[in-house]
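These are my notebook entries on a two-chain structure, written down in the order in which I looked things up. I begin with the sequence and the model.

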Amino acid sequence: MRIIVSLICGTIFGFGLYISGMIDPQKVLGFLDIWAIADGGWDPSLAFVMGGALAVAIPIFQFAKNRTEAVCGGEMSLPTNRAITTKLVVGGLLFGTGWGLVGYCPGPALSALAFGHTDTIIFVVAMIAGMGSARAIGLNK
Amino acid sequence: MENFTPISALIGGGLIGLASGLYLLLNGRIAGISGILGGLLTPTKGGSAVFERLAFIVGLIVGPFILMNATEIEAQSVVTSSLPVIIIAGLLVGLGTTIGSGCTSGHGICGLSRFSLRSLVATLSFMAAGFVTVLVTRHLMGGM
């Protein structure tokens, strides 16, 4: 059951990335280019995607986080780490730099594999290599 | 703002929020894509955890595949960067999300939805770096 739920949730998530246009790095870069506000070329769509996502997710999260058990059984696996560390910020800055270079973050990069473009495949392989090497030296702890 | 698509952005965003909410409510897990993918590289949890992660990733790819083949809804995914930049960017995204424990989905959607200050700091960090990177590549260096 949990595996079917995962497949359905992943599929709905993929629908959302496709319909919102976030599957296209150019759409993401159009948002990150806030310096284009001056000449009217800025695309605020990503902010609307976040707004739409939060409007739906916040009520569900606030309801779900007080539960002691998941509906399909098993524990509620919520993060307990609240520490704001240099590592958190440095990781965010490195990720944001890579995100701004190409326009892919992990979700859209994986979803875009559906198009079968070589550039997307190369990005995903490099991303997995980055994750693997960071984990190999314990940076995920 | 000729590229601005507020309606499809809100609908697509709503679906992303729904998927994240259902994943927590039904499976008790955070729908952070970097965490789901990264967890496959060093599996520690037993049981069906590996298959749950794989199923989510398969869904992420199958979802767009269904829409592009079975509906009239159109989308594209265009990469304009050179090969070295694609590789460096991929490495940075993989490294950064691992060090920072999350990405746009895990910190930006799930973290903010449970009002986590830690995730807000992470989100502001990667957004700031994204803005500055695009400033440098598009406006100071004239595109990469």
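The angle between α6(A) and α4(B), which is residues 83-99 of chain B, is about 40 degrees, and their axes are 7 Å apart. Axes here are lines fitted to C-alpha atoms, for helices over the stretch in contact, and angles run from 0 to 180 degrees between N-to-C directions.

I reminded myself that this is a predicted model, in which local features need pLDDT of at least 70 and side-chain atom pairs count only at pLDDT 80 or more, while totals for chains, interfaces and linings use all residues. Residues are numbered from 1 along each chain as its sequence is written, and chains are lettered from A and ligands numbered from 1 in the order in which they are written. Helices (H or I, at least four residues) and strands (E, at least two) are DSSP runs, numbered from the N terminus.

I then looked up the hand of the crossing, and for α6(A) and α4(B) it is right-handed. A crossing is left-handed if the near helix is turned anticlockwise from the far one by less than a right angle, and right-handed if clockwise.

Which residues meet there? On the α6(A) side I listed several, among them Ile122(A), Phe123(A), Met127(A) and Arg135(A), and on the α4(B) side there are, among others, Ile86(B), Leu91(B), Val93(B) and Ile99(B). By class, this contact has 17 nonpolar, 4 polar and 2 charged residues. For the classes, Ala, Val, Leu, Ile, Met, Phe, Trp, Tyr, Cys and Pro count as nonpolar, Asp, Glu, Lys and Arg as charged, and the others, Gly among them, as polar.

**The whole contact**

Next I looked at the contact between the chains as a whole, which takes 105 residues from chain A and 100 residues from chain B; two residues are in contact if their C-beta atoms, placed from the backbone, lie within 7 Å. On the side of chain A that touches chain B, the elements giving two or more residues include α1 (2-20), α3 (45-64) and α6 (118-136). The largest share of that side, 18 residues, comes from α1(A). I also noted that the residues of this side divide into 66 nonpolar, 29 polar and 10 charged.

**The two α1 helices**

I went on to α1(A) and α1(B), the latter being residues 6-27 of chain B, and found that their axes come within 7 Å and cross at roughly 165 degrees. That makes α1(A) roughly antiparallel to α1(B). The crossing of these two helices is left-handed, and their contact has 16 nonpolar, 7 polar and 1 charged residues.

α1(B) has 22 residues and reaches 31 Å from its first C-alpha to its last, close to the 32 Å expected at 1.5 Å a residue, where the expected span is 1.5 Å times one less than the number of residues. I counted α1(B) as largely enclosed by the rest of the structure, because 18 of its 22 residues are buried. A residue is buried if 20 or more other C-beta atoms lie within 10 Å of its own, exposed if 12 or fewer, and partly exposed in between. Just after α1(B), Gly28(B) takes a positive phi of about 75 degrees.

**One residue, Arg2(A)**

Is Arg2(A) buried or exposed? Arg2(A), which has its place in helix α1 of chain A, is buried, with 20 other C-beta atoms within 10 Å. Not counting residues up to four places away in sequence, Arg2(A) touches Cys72(A), Asn27(B), Ser48(B) and Glu52(B).

**Each chain by itself**

Finally I looked up the chains one at a time. Chain A has 6 helices and 0 strands, its C-alpha trace spans about 50 × 35 × 35 Å along its principal axes, and buried residues make up 55% of its 141 residues. Chain B has 6 helices and 0 strands, its C-alpha trace spans about 50 × 40 × 30 Å along its principal axes, and 56% of its 144 residues count as buried.

Methods: Parallel < 35°, antiparallel > 145°, perpendicular 65-115°, else oblique.
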